[in-house]
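Trainee: I would like to learn how to read the features of a model such as this one. Could we go through them in turn?

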Amino acid sequence: MTFLKNWQDTQNPFRNFAVEEYLMNHVEKGEVILFLWQNRHTVVIGRNQNGWHECNVKKLEEDGGILARRLSGGGAVYHDTGNMNFSFLAQKGDYDVAKQLSVIVEGVRPFGIQAEKSGRNDIKIGGRKFSGNAFYRHGSLCYHHGTLLIAEDMKNMVKYLNVDGSKMNYKGVKSVPSKVVNLSDLNPSVTVESLTASLKESFGKVYGLPVHEIHSRDIPEEALTDRIRFFSSWEWRFGGAHEFDVPLEGRWDWGFLKFSFSVDHGLIEDVSVDSDGLEADFIAAIPGVLKGKRYEGKELARAVLSMKTESPEEKEVQKDAASLLETAG
């Protein structure tokens, strides 16, 4: 059995996902790896989710946060240093979700916490969730990963997750809210360090085998570089979004603008504009410069600001339209 803790080395989600994938690709037959890791100030969405729908992306990024997409399915979660993440990695013949979940249940028992598995995805205490889980397979290689809420800032969970559903009509997978609880609220002695030690012990106990500890620094950095680049790319994080329709509107002294975007895989397929503004020709030309662009505020604003204006009135419309479009995302 192999045990790897990474939370002391990095809290970068892109590197953590690259390490996780590397471990999956290199797990040997007869071996199970338990990988513990943390992300700082990150919203992680499932493979088939739309980041703009699940998260207030603009606010998250303004506050120095990161939106990341994982390979597995499931819903959106908020990560900070008050929670710890785990990954069980194994080949198909050694992959046992029930046994893996038992490691978590037994890991919190020494703290006087009687947890139970709930369905396939959650671990709860008295009906409140402290661990959500997701799963991924690639051929005969598998992993099962999830979160462990220790002392997470619940205000940030509410602040960044679950964008108002009225903002867009969406054809993807929406997260379902659940009642949650921090383990430290149940027992203040639960910390990242103490839970790490307890999980290492329960890992060996549940499997009845000795545990060998390794470190992420043992992984060649050059083996991670390409995958870090992949996980951090805009195309992976946002380009995987399913088709959705977004309204965006604003009002000024000269009139109103309402844009309706059709977005697929992060790119604007179509856009219409409704306005009572008098600069009709200029306003009618705006959709033409937005089609094919990423649904990203700054890029859309730049496109409108690149348009040629013929009068101070058009210049005013241009400035206000760019300001509105910059809020996209």
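Trainee: Which residues touch the most other members in the largest nonpolar core?

Mentor: A nonpolar core is a set of buried Ala, Val, Leu, Ile, Met, Phe, Trp, Tyr and Cys residues joined through side-chain atoms within 4.5 Å, where buried means under 20% relative accessible area, exposed over 50% and partly exposed in between, with a 1.4 Å probe and protein chains only. Here the largest nonpolar core has 40 residues, and V43, F259, F261, L290 and Y295 touch the most other members. Helix α12 (residues 312-325) gives the most to this core, with five residues, helices (H or I, at least four residues) and strands (E, at least two) being DSSP runs numbered from the N terminus. Apart from it lies another core, of 32 residues, which includes Y95, I104, L195 and F203.

Mentor: Before going on, note that this is a predicted model, in which local features need pLDDT of at least 70 and side-chain atom pairs count only at pLDDT 80 or more, while totals for chains, interfaces and linings use all residues. Residues are numbered from 1 along each chain as its sequence is written, and side-chain values use heavy atoms, with hydrogens and water left out.

Trainee: What is V43 in contact with, leaving aside its neighbours within four places in sequence?

Mentor: Contact means heavy atoms within 4.5 Å. By that criterion V43 is in contact with C55, L60, I66, L67, A68, V77, Y78, Y160 and L161, once neighbours within four places in sequence are left aside. For the protein as a whole, among contacts between residues at least 6 apart in sequence, 71% join residues at least 24 apart.

Trainee: Is E20 buried or exposed?

Mentor: E20, whose place is in helix α1 (residues 13-26), counts as buried because its relative accessible area is 1%. Leaving aside neighbours within four places in sequence, E20 is in contact with F35, W37, S87, L89, Y143 and H145. The C-alpha atoms of E20 and L36 are separated by 9.7 Å, with the two residues 16 apart along the chain.

Trainee: How many Å should helix α7 span?

Mentor: The expected span of a helix is 1.5 Å times one less than its number of residues. Helix α7 (residues 192-207) has 16 residues and therefore should span 22 Å, which agrees with its end C-alpha atoms, 22 Å apart. Among the buried residues of α7 are V192, L195, L199, F203 and Y207, and just after the helix G208 takes a positive phi of about 65°.

Trainee: Where do residues other than glycine take a positive phi?

Mentor: Most residues other than glycine have a negative phi. One case here is H265, with a positive phi near 50°, found in the loop between β14 (255-264) and β15 (267-275). H41, which is not a glycine either, has a positive phi of about 45°, and its place is in the loop between β2 (32-37) and β3 (42-45). H41 is buried, with a relative accessible area of 11%, whereas H265 counts as partly exposed at 45% relative accessibility.

Trainee: Which element supplies the largest share of the lining of the second largest pocket?

Mentor: Rolling a probe the size of a water molecule over the atoms shows where empty space is left. On a 1 Å grid over the protein atoms alone, a pocket is an open set of points where a 1.4 Å probe fits, with protein on both sides within 12 Å along at least five of seven lines, and lining residues have an atom within 4 Å of a point. The largest share of this lining, four residues, comes from α3. The lining has 15 residues, of which K58, E61, E296, G297 and A328 lie nearest the centre of the pocket.
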